[in-house]
Amino acid sequence: MSGEDDNRAGGRTQHDDGDEIRGTARGSAPVPLSVLDLVTVGAGHTAADAVRTAVDLARTAERRGFHRYWVAEHHSMPGVASSSPAVLLAHLAAHTARIRLGSGGVMLPNHAPLVIAEQFGTLEAMAPGRIDLGLGRAPGTDGATAAALRRAERLNEGAEEFPQQLAELTRFLDDSFPDGHPYARIHAVPGPVQATSPGGVQSPHRPPLWLLGSSGFSARLAGSLGLPFAFAHHFSAANTLPALDLYRASFRPSETLAEPYALIGVSALAAEDEREARRQVMTGALAMVRLRTGRPGLVPIPEEAAAYPFNELERGFVDSWLANVVHGTPDEVRQGLDDLAKRTGADELMITANAHGGAARVRSYELIADAYGFAG
């Protein structure tokens, strides 16, 4: 762990920004601001470069007062180096001391629930009180890759399997299978079972669960279970308001939450001037065009994106994509984020910055923090 263990008390990190789920808005921000890092790999760079940028970004986010930092599981995408969230989070935990770290998310159907419980129990032991476990029900990749991940010819991706998988994972995290259950004698370690062993002093605390979604299914499930909900506005903007309405209407108070708590992911990039911001976000736009047309690759350099001959169909996609990317000067981005928070009623905004170079992405978060008067 980093040399800042004096921030801890009783083995848990001390926070001054709310509870484990609800953050506190900093400066003039309307809601807490957080970071979603896709750990992108740009042309001319390596995965090692991307991981170094992730460390820089996590430390910047911590220093500037962002509430949490999440990474997302993706597979078979050359431009995204976040295939193993638990491994990345362990590395980031060793380079930070206070900021919440989590998955946005781990794709539950790709993994045995016991494995996830063990991984995140280990992360909790590494960074007590700082770990979030966000779960999605999509594979995070194409069908063939998903089949390879699961070692199965047929994929069980029906909506009915996800609640069962979630219930099993929760039982492992809480060590709460009832007597007579086939898994009653199986324990996720590190985990609560260690507190019941002779001489055991293991904390029963475990990472809070979040459900992620880009449609209504997870919104309804999160609401019915009283869990916090994270919606992927950054690639499913048309569904944002209906999903948030469904989450709030479905919400039932739980031990986790008395009231709904919803964050939304939003693409945003700030630069010193509007032209440079546009130049940077076009690299992400071209990468998305290639991904959506079956040609995934590294994030192109700005010069390549500027010179690319978009056809009519691609241009329409880019225009639609950029309409939901908040970009421009710091003041323009601040206004765009303020408007989005007001329009959606989101309790938290989680910002992802898509650009070729790590320096541009880190600089964007610095500028956004400055625009809202964050300390640091």
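1. The lining of the second largest pocket divides into eight nonpolar, four polar and four charged residues. Here Ala, Val, Leu, Ile, Met, Phe, Trp, Tyr, Cys and Pro count as nonpolar, Asp, Glu, Lys and Arg as charged, and the others, Gly among them, as polar. A pocket is an open set of points on a 1 Å grid over the protein atoms alone, with protein on both sides within 12 Å along at least five of seven lines; a cavity is a set of points where a 1.4 Å probe fits but cannot get out, and lining residues have an atom within 4 Å of a point.

2. The model is predicted: local features need pLDDT of at least 70, side-chain atom pairs count only at pLDDT 80 or more, and totals for chains, interfaces and linings use all residues. Residues are numbered from 1 along each chain as its sequence is written, and side-chain values use heavy atoms, with hydrogens and water left out.

3. The second largest pocket holds about 470 Å³ of space, a volume being the space filled by probe spheres set on grid points joined across faces, edges and corners. Of its 16 lining residues, Arg 206, Leu 227, Ser 254, Glu 255 and Thr 256 are the closest to the centre.

4. The largest pocket has about 1100 Å³ of space. Among its 49 lining residues, those closest to the centre are Leu 38, His 74, Met 77, His 234 and Phe 235. By class, this lining has 24 nonpolar, 21 polar and four charged residues.

5. The largest cavity has a volume of about 60 Å³. Its lining includes Ser 267, Trp 321 and Asn 354, and comprises seven nonpolar, three polar and no charged residues.
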